[in-house]
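Thanks for making time this morning. Please have the sequence and the model open side by side, and I will walk through a few contacts and elements in turn.

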Amino acid sequence: MRAINEVLCFDDVLLMPTYYNGGSRKDVDISTTVSGIKLETPIIAANMPSVSGLDMALAMHEAGGMAILDRMSSVGSTVSEILQFRDRYPHGKIGASIGVGESWQEEALVLIDNGVSLICIDVAHGNQKRVFDVYDKFRSLYPTFPLMIGNFATGINRGNNLIYRDKFTSWKIGVGGGAMCTTRTNTGCGVPTLQSVLWFNESVNGSVGKRNIYDRGFLLREEKPAIIADGGIKNSGDIVKSLAAGASAVMLGSLLAGTDEAPGSVIKDDKTGNKYKIYRGNASFGSKVEAGLKSEFIEGAEMLVKYKGPVRNVLDKLKDGIRSGFTYCGVSNIEDLKGNSVFVKVSSSGHREGLPHGIL
């Protein structure tokens, strides 16, 4: 029998607290760079139909992060949102997605011509030939335009080719960990997001500074590529763990769903008075039907989530938690966190001990 790798998820580990030689957590710098774009906050709103639209893009920019517009919307609808965003923030940061179908090049050109800041090549299983073919062609047309590619569970595999990277490309890491994702159930495939980030970080950064690497004509620059942890993040602690594992930013869906800025109407339960919003995965039945796509190969669920109010309240709490986590780890910026943090594995009893368990 082949050996089975042990993999770890966010709840399996903690970060070791250590001495902090700094001031208030307010002094901690949580800025980052993704695909050559500077962000003051390492949070990106997921390109999901019930998460990212114009209102979310505006709010994320105001909070120092960025949103990537809904993957399932038409190009025309996406362009309309980009233009409205540009009316408000001519120099703001806003992303949009393309697939790898025949029309990808036309879509990319339209988005770039209308002022998008970043394009995400968005495929559930990014580690495949079609994705890299699109990447190669895209880079031949736009050598320095900010690009994000995903999703990956491990390091990039192009047969015998070495891994390549450039400072204008970031990699979205995580397969099957999203709150509305059913990929692991349907396919039996996936890796916990934390482990994927650790593996990918080791894979793409292991040779940095050792040699010049070329692949199909593209120079692998010495800059470390940006990794985006996507899926399974439940709280600010998971964000800190993602950054410590090597991510430059995180992509959030469920934590931002249900806010005022998330697309969709508020639904009120007349019996209880509770308020909700619909949260759908990209590949859910509802998302595909609304987008006019075939309702086959469903790999996403949908549900009601509690209404959360303004997204800035959610983001403020997350940023406070991130800054506090940095001080516990004895660092004051993301790069120091990556290089100096120590993970410890915890048992299920240790995990339970860390949860609120006092007797009321």
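This is a predicted model: local features need pLDDT of at least 70, side-chain atom pairs count only at pLDDT 80 or more; totals for chains, interfaces and linings use all residues.

K345 is exposed, with a relative accessible area of 53%, where exposed means over 50%, buried means under 20% and partly exposed lies in between, for a 1.4 Å probe and protein chains only. Its side chain meets that of E6 in a salt bridge, at 2.4 Å from N to O, a salt bridge being a side-chain nitrogen of Lys or Arg within 4 Å of a carboxyl oxygen of Asp or Glu. The pair links distant parts of the chain, since E6 sits in the segment before β1 (13-15) and K345 in strand β17 (residues 343-345), 339 residues apart. E6 is exposed too, with a relative accessible area of 57%.

Residues are numbered from 1 along each chain as its sequence is written, and side-chain values use heavy atoms, with hydrogens and water left out. Helices (H or I, at least four residues) and strands (E, at least two) are DSSP runs, numbered from the N terminus.

A search of the whole structure finds 9 salt bridges. Another of them joins the side chains of R71 and D122, at 3.9 Å from N to O; R71 lies in the loop between β5 and α2 and D122 in strand β7 (residues 118-122), so this pair ties together parts that are 51 residues apart in sequence. R71 is partly exposed, with a relative accessible area of 25%, whereas D122, at 13%, counts as buried.

A local case is the salt bridge between the side chains of D133 and K129, at 2.7 Å from N to O. Both residues lie in helix α4 (residues 129-141), 4 residues apart, or about one turn of the helix. D133 is partly exposed at 30% relative accessible area, and K129, at 62%, counts as exposed. Salt bridges that share partners also join R71, D122, K172 and D230 into one network.

Let me turn to helix α2 (residues 75-88), which has 14 residues and reaches 20 Å from its first C-alpha to its last, close to the 20 Å expected at 1.5 Å a residue, the expected span being 1.5 Å times one less than the number of residues. Which residues of α2 are buried? They are T78, V79, E81, I82, F85 and R86. Seen down the axis of α2, these buried residues fall within an arc of 160 degrees, so they line one face of the helix, the arc being that of the directions from the helix axis to the C-beta atoms. On the other side of α2, G76 and D87 are exposed.

Finally, the aromatic residues: the structure holds 8 aromatic pairs, counting rings of Phe, Tyr and Trp (its six-membered ring) with centres within 6.5 Å, where planes under 30 degrees apart are stacked, over 60 edge-to-face and the rest tilted. The rings of F138 and Y142 have centres 5.1 Å apart and planes at 50 degrees, so that pair is tilted, and both residues are buried. W171 and F200 also form a tilted pair, 6.2 Å centre to centre with 40 degrees between the planes. Both W171 and F200 are buried, and ring pairs link F132, Y135, F152, W171 and F200 into a cluster.
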